[in-house]
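This report goes through a predicted model of two chains. Please look at the sequence and the structure first.

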Amino acid sequence: MDMQVAKKKLGLKERYAVMTRGLDWTPSYQKMEDIYPYMQYEGIKIHDWDKWEDPFRLTMDAYWKYQAEKERKLYAIIDAFNQNNGHLNVTDARYVNTVKLFISGISPLEYVAHRGFAHAGRAFPGPGPRVACLMQSLDEIRHAQTQVHSISNYNKYYNGMHDFHHMHDRVWFLSVPKSFFDDAITAGPFEFMVSIGFSFEYVLTNLLFVPFVSGAAYNGDMGTMTFGFSAQSDEARHMTLGLEVIKFILEQDPANVPIVQRWIDKWTWRGYRVLTLVAMMMDYMLPKRTMSWKEAWEVYFEENGGALFKDLARYGITMPKCAEQIALEKDHLSHQAWSTFYNYAAAANFHTWMPDEDEMAWLSSKYPESFDKHYRPRYEFWREQAAKGNRFYNKTLPMLCQTCQIPMLFTEPGDPTKICYREVDYKGDKYHFCSDHCKEIFEHEPEKYVQSWLPVHQIYQGNCFPEGTDPTVEGFDPLAAVLKYYNLEFGRDNLDFDISEDKKNFAEWRGQATKNA
Amino acid sequence: MAVAAVSKYEFAPADTQDKFHGAQLLYIGWEDHLLFCAPFCFPFPPTMRFGDVVAGPMQAAFGYHPDFARIDWSTVEWLKSGKPVVLDFDKSLADNGLKHKDVIRFRTPGLAGIKGSCS
């Protein structure tokens, strides 16, 4: 009788080595610098790629199996949500505007992150980071897709989401998140890893995903909440990768430290400016609040981030200096942002409104130093005017910051009554900034930021009208033409929530579900 | 500092004056009136009379605020790039020394926004 000999199986560790690092080889007839042309010019020195420690010993076959299982569960829940009219279980229809902001402002970034990590992975000669980037690249495209699928049910019933990707590339305020990511993917692979991998995914991600996901949970949005939980294990992996990247680069050569510090300073600030949108979402757009922006900043940045930078001190890395200014802005950021969207409600793909009395009281209690003094009088005036049929719609285009592309809405650090103006003369032209930090970022790489596609300037150059538009004809209405170019319908996708189709429909549909007609 | 790049990195700036069809950009902010969330950006021909800017586009942009009608223009203080400047209503933008992408602000003494809140 023949003995059955069990097939020799690789242990986990060996298997991992064979399936990742074992796939690499040393080229014999091409030069390394020809195969990896982006490894030198950023000034980062790597001496030994094998020193890269893989935070997760995950191989591709395990990745597929694991993700497929998670996604089966997610889609089952999305189906249940859709079939049970889950959209009618949200707190009130104002909540849906949060979803609009997410799908047009954040989900397209997931897709760009997918491209960015694919590009960075291709650029690294070390097999460890290459495999890690490949997996994150796949995570990001999955996130873009699952978000689109989770949110598409809302698009069947509510306005403003029908062409989110087209809008992402055109609508004025969406140039803020778009240009942030464009800036990152047009940097070198090391800067990309520090900007997105570390500063965004590690330092700031809790301020982006936690507010949206817990906001969804608090407001009865099971679809978005489930997506968030499904992505959580990926996000944990991204955070670990971001930290590993930083430590690896810093340990390789002391000359890397000042370069990395400058990137951390730059990208913490760039990321924080994008979070302006999250700040106003938390304080104004969630009918049922989770915590205030200020509280979130204190927990997730000042406490957690503080501990992180203490840990990085042994490499010579210090807390980004912009943290001081951010601390001064935390009492004002969300109010200034919401005021801006209230101003420009005619040109956005979501609705705005004035907080009611209870919400004003909540804002006063969360912002005792600033709300009643600086913002309540403004809101009360707007509310009175709206009641008289004179709702404020600002129709004149704002001045934008050349770097972050946000309207110049931020006030001087320490003086919330004065707009902060900064400017630079460069090669015969003037450039304007919202802050010292945005100005410094420009000054370091002016050649890059003189190319900024600033929506306001582009409109005035005539580049934001549908093809064939003649702006010289009598009675030409620039706002109408720009909205057509955005693919937004005036009176349906924009303006105040109070007069919106969303509000009317939601009341009617929920009424059908809860009352006898 | 210059941008780090693998090869020559030279691209035309996006907003030079030649791209605005004969207009130049002028940014205008009203101090202590944050009801308008940010300063405005306008395209004007350099030959436009400054008084016409105030009476036309500025009236249209800022007129919603109850303080605007109360402005005594003889007491208004103008700033260009943050420094005091005298602007003549009868002269053109160019003759007032205003160039493409200049930023001016105006302060209206005695008017400090809704209930004095700088809104």
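How many residues lie between S1(A) and S2(A) in the hairpin that they form? There are two residues between these strands, and Gly414(A) in the turn has a positive phi of about 90 degrees. Strand S1 of chain A covers residues 411–412 and strand S2 covers residues 415–419; they pair in the antiparallel sense over two bridges. Glu412(A) stands opposite Asp415(A) in S2(A). Two strands pair if DSSP finds at least two bridges between them. Strands (E, at least two residues) and helices (H or I, at least four) are DSSP runs, numbered from the N terminus.

The model is predicted, so local features need pLDDT of at least 70 and side-chain atom pairs count only at pLDDT 80 or more, while totals for chains, interfaces and linings use all residues. Residues are numbered from 1 along each chain as its sequence is written, and chains are lettered from A and ligands numbered from 1 in the order in which they are written.

**Domains of chain A**

An automatic or database domain assignment gives chain A domain 1 (49–318) and domain 2 (401–453). Taken over C-alpha atoms, the centres of domain 1 and domain 2 of chain A are 26 Å apart. Eight residues of domain 1 of chain A are in contact with seven residues of domain 2 of chain A; contact requires C-beta atoms, placed from the backbone, within 7 Å. On the side of domain 1 of chain A that touches domain 2 of chain A, helix H8 (175–185) and H11 each supply at least two residues. H11(A) gives the most to that side, with four residues.

A UniProt annotation from an unreviewed entry, "domain: YHS", covers residues 411–453 of chain A; such annotations may be inferred rather than shown by experiment. This span is 30% helix and 40% strand, and its end C-alpha atoms lie 24 Å apart.

Two packed helices are described by the angle between their axes and the distance between the axes. Axes are lines fitted to C-alpha atoms, for helices over the stretch in contact, and angles run from 0 to 180 degrees between N-to-C directions.

| Helix pair | Angle | Axis distance |
|---|---|---|
| H10(A) (residues 222–252) and H11(A) (residues 256–274) | about 150 degrees | 8 Å |
| H3(A) (residues 60–83) and H6(A) (residues 127–157) | about 10 degrees | 10 Å |

H10(A) and H11(A) are therefore roughly antiparallel (over 145 degrees). H3(A) and H6(A) are therefore roughly parallel (under 35 degrees). Residues of H10(A) including Ile246(A) and Leu250(A) meet residues of H11(A), among them Val257(A) and Val260(A). The contact of H10(A) with H11(A) has five nonpolar, two polar and no charged residues. Here Ala, Val, Leu, Ile, Met, Phe, Trp, Tyr, Cys and Pro count as nonpolar, Asp, Glu, Lys and Arg as charged, and the others, Gly among them, as polar.

**Chain B and its interface**

In chain B, five strands form an open sheet in the order S2-S1-S5-S3-S4, with mixed pairing. S2 and strand S4 (83–85) of chain B stand at the edges with a single partner strand each, so one side of each lacks a neighbour in the sheet. Strand S3 (residues 77–80) of chain B is joined to S5(B) by four bridges, and the two run antiparallel. Glu77(B) stands opposite Arg107(B) in S5(B).

Between the chains, 39 residues of chain B are in contact with 45 residues of chain A. Strands S1 (24–30), S2 (40–44) and S5 (102–107) of chain B each supply at least two residues of the side that touches chain A. That side of chain B has 26 nonpolar, seven polar and six charged residues.

How values were computed: Contact = placed C-beta atoms within 7 Å. Parallel < 35°, antiparallel > 145°, perpendicular 65-115°, else oblique.
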